[in-house]
Amino acid sequence: MKSRATIHRDFTISRIDDRLYSAFIEHMGRAIYTGIYEPDHPTANEHGFRKDVLELVRALKIPAIRYPGGNFVSAYKWEDGIGPKEDRPVRLDLAWRSKETNQVGINEFALWAEDAGIEMMLAVNLGTRGIEETRNFVEYCNFPSGSYWSDLRRSHGVEKPYGVRMWCLGNEMDGPWQTGQKTAREYGHLANEAAKAVKAFGKDIETIVCGSSNNEMPTYPEWERQVLEECYENVDYISLHNYYGNSSGDSLNFFAKAQETGRYIQAIGGTIDYVKAKKRAKNDIFICFDEWNVWYHNRAQDSKNWSEWDWPEAPALLEEDYNLEDALFIGGLLNEFIRRSDRVRIACIAQLVNIIAPIRAEKGGKAWATSIYFPYLFASLYGRGTALNVAVDCPLYDAEVASDVPYLDIAAVLAPDGRSLSVFAVNRHLKEAMEVDIALTGFGAARLIDHQMLGGNSAEARIANTSAEPGRIAPRAGGGLGVEDGALKGSLPPFSYHMIRLTLD
Ligand code: AHR
């Protein structure tokens with residue numbers, strides 16, 4: 001198969017917000033307990049956090065992390081997680097039918113985030129709670145001293161306020177599974193009042209209101225319109241969530257779901273514009289795609305070891321052994337976020353450790369990177385700067401979820417200093433190599449400095465990094481590409497992902 005493309009230095013989409021490569025972690029399953037926190041683990045640091053996991057996390061250079069939920073937050077009392085650990089209550093978590101020991105709360109998590117070099121993005125409970133508890137939480141976290149909650153924080157040994165900038169106003173409030181589900185109007189009104197209370201703590205504060213739980217919800221996209229009509233002026237982002245999988249065994253249809261996500265983003269962008277116009281509002285709202293990933297397991301499959309009415313502590317939930325195909329899909333989805341970075345400012349891979357995650361950690365044992373770790377790593381390290389529009393001419397295919405899907409999926413990012421260019425490419429074809437001829441226009445001389453790839457053989461689509469074989473999928477140096485006559489030329493093997501970097505003179 002042959003393709004031609006053009007990347008022009010001046011054909012820009014948007015400056016990418018670094019937070020496009022953020023993550024999410026929830027009090028759920030073994031994400032926190034025995035995931036990042038395991039005081040008895042051989043690698044545990046003085047705060048009980050696993051250093052082996054921290055090392056894998058740090059390498060990702062994650063800008064921000066959403067915490068503590070997810071569905072969990074909708075019945076969470078943040079006050080249960082502060083003060084002496086021995087006095088903290090054990091609670092029953094309704095979202096995941098688990099026991100929550102509260103041994104990790106905001107102050108422990110803040111230590112972990114600081115150590116990992118990640119900015120916190122906190123979610124508040126608007127399911128069972130409201131404005132009062134929200135403002136108290138913000139005061140505890142962000143107010144310097146001389147008030148009840150800030151002095152309580154100081155009495156817990158945290159002198160300096162955290163200065164948390166990003167606040168999520170609840171989670172998936174349209175979902176019938178949510179504790180405290182609301183109608184769009186009810187939620188929009190509450191979110192507006194909570195946003196005002198949060199914003200009282202500083203002009204840098206940003207609020208994120210819940211959009212639909214996904215684009216198949218019966219109330220989508222009316223939910224977004226009504227919610228935004230209630231709170232437009234007091235929010236900065238609207239959240240999108242989506243989870244994907246190859247349920248039919250059709251890889252090409254699976255890959256096409258990244259393209260369908262582009263339409264989802266476009267629809268919400270249109271809804272934002274409509275409400276802005278209707279309200280004659282001055283402010284802009286962007287998209288915070290704060291939960292996305294591949295998800296196969298369900299709780300029924302995972303709960304073979306306990307009975308339906310148990311409340312297990314840190315049970316193994318949604319622990320996926322991601323395969324090569326999943327990694328290619330994630331590469332394509334990240335490309336879609338880059339192409340839509342004019343609308344999507346923040347995005348969080350969901351989740352980070354053990355639960356549908358790029359990092360797995362055995363209780364008392366080893367930690368390793370799943371296949372999806374690598375495209376996420378490359379995008380986070382080399383996908384910062386300005387997104388460039390890539391004009392592609394290549395063979396297309398039709399799938400169930402989308403038509404005219406290009407076999408070659410490509411995104412390009414010009415580094416902030418303008419001296420290097422990253423190209424992320426997926427050849428989605430199962431059998432055929434893709435000849436590429438990518439004109440590099442307006443850059444001066446370009447030189448290939450790095451080419452890393454995954455895959456290359458669709459017969460290996462289902463191989464995965466597992467506990468027994470944690471290193472089966474790892475990036476390797478690519479070959480067969482070079483710069484010639486101002487163009488990047490060569491061949492991409494079938495079923496492969498590529499991270500290509502060029503220096504520019
Ligand atoms: O990430 C797992 C769950 O998926 C989150 O708790 C929830 O927000 C979503 O439904």
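The report below takes up the domains, their interface and the salt bridges in turn.

## Two domains

The structure is a predicted model, and its domain assignment gives two parts, domain 1 (2-10 + 386-504) and domain 2 (17-382). The C-alpha centres of domain 1 and domain 2 lie 30 Å apart, and the contact between them takes 43 residues from domain 1 and 36 residues from domain 2.

## The interface between them

The size of an interface is often given as the accessible area lost when the parts come together. For domain 1 and domain 2 the buried area is about 3,300 Å², with 64% of it on carbon and sulfur atoms. Between domain 1 and domain 2 there are also 17 residue pairs in polar contact, counting pairs with both residues at pLDDT 80 or more.

On the side of domain 1 that touches domain 2, the elements giving two or more residues are strands S16 (405-406), S17 (408-414), S18 (420-427), S20 (446-455) and S24 (496-504). The largest share, five residues, comes from S17.

## A salt bridge across the interface

The rule finds two salt bridges across the interface of domain 1 and domain 2. In a salt bridge with a distance of 2.7 Å from N to O, the side chain of Asp409 meets that of Arg339.

Are the two partners buried or exposed? Asp409 counts as buried, at 2% relative accessibility, whereas Arg339 is partly exposed, with a relative accessible area of 26%.

## Other salt bridges

By the same rule the count comes to 34 salt bridges. One of them joins the side chains of Glu222 and Arg225, at 2.7 Å from N to O. These two residues are three residues apart in helix H6 (residues 222-231), which means that about one helical turn separates them. Glu222 counts as partly exposed, at 37% relative accessibility. Both residues also belong to a network of salt bridges that links Arg185, Glu222, Arg225, Glu229, Glu230 and Lys278.

Another salt bridge is formed by Glu336 with Arg340, and here the closest N and O atoms are 3.0 Å apart. Glu336 counts as buried, at 6% relative accessibility, while Arg340 counts as partly exposed, at 22%.

Definitions and conventions
Residues are numbered from 1 along each chain as its sequence is written. This is a predicted model: local features need pLDDT of at least 70, side-chain atom pairs count only at pLDDT 80 or more; totals for chains, interfaces and linings use all residues. Side-chain values use heavy atoms; hydrogens and water are left out. Domain bounds come from an automatic or database domain assignment. Contact means heavy atoms within 4.5 Å. Buried area is the accessible area (1.4 Å probe) that two parts lose on being put together, summed over both. A salt bridge is a side-chain nitrogen of Lys or Arg within 4 Å of a carboxyl oxygen of Asp or Glu. A polar contact is a pair of N or O atoms within 3.5 Å; within protein, one must be able to donate a hydrogen and the other to accept it, and residues adjacent in sequence count only if both atoms are side-chain atoms. Helices (H or I, at least four residues) and strands (E, at least two) are DSSP runs, numbered from the N terminus. Buried means under 20% relative accessible area, exposed over 50%, partly exposed in between (1.4 Å probe, protein chains only).
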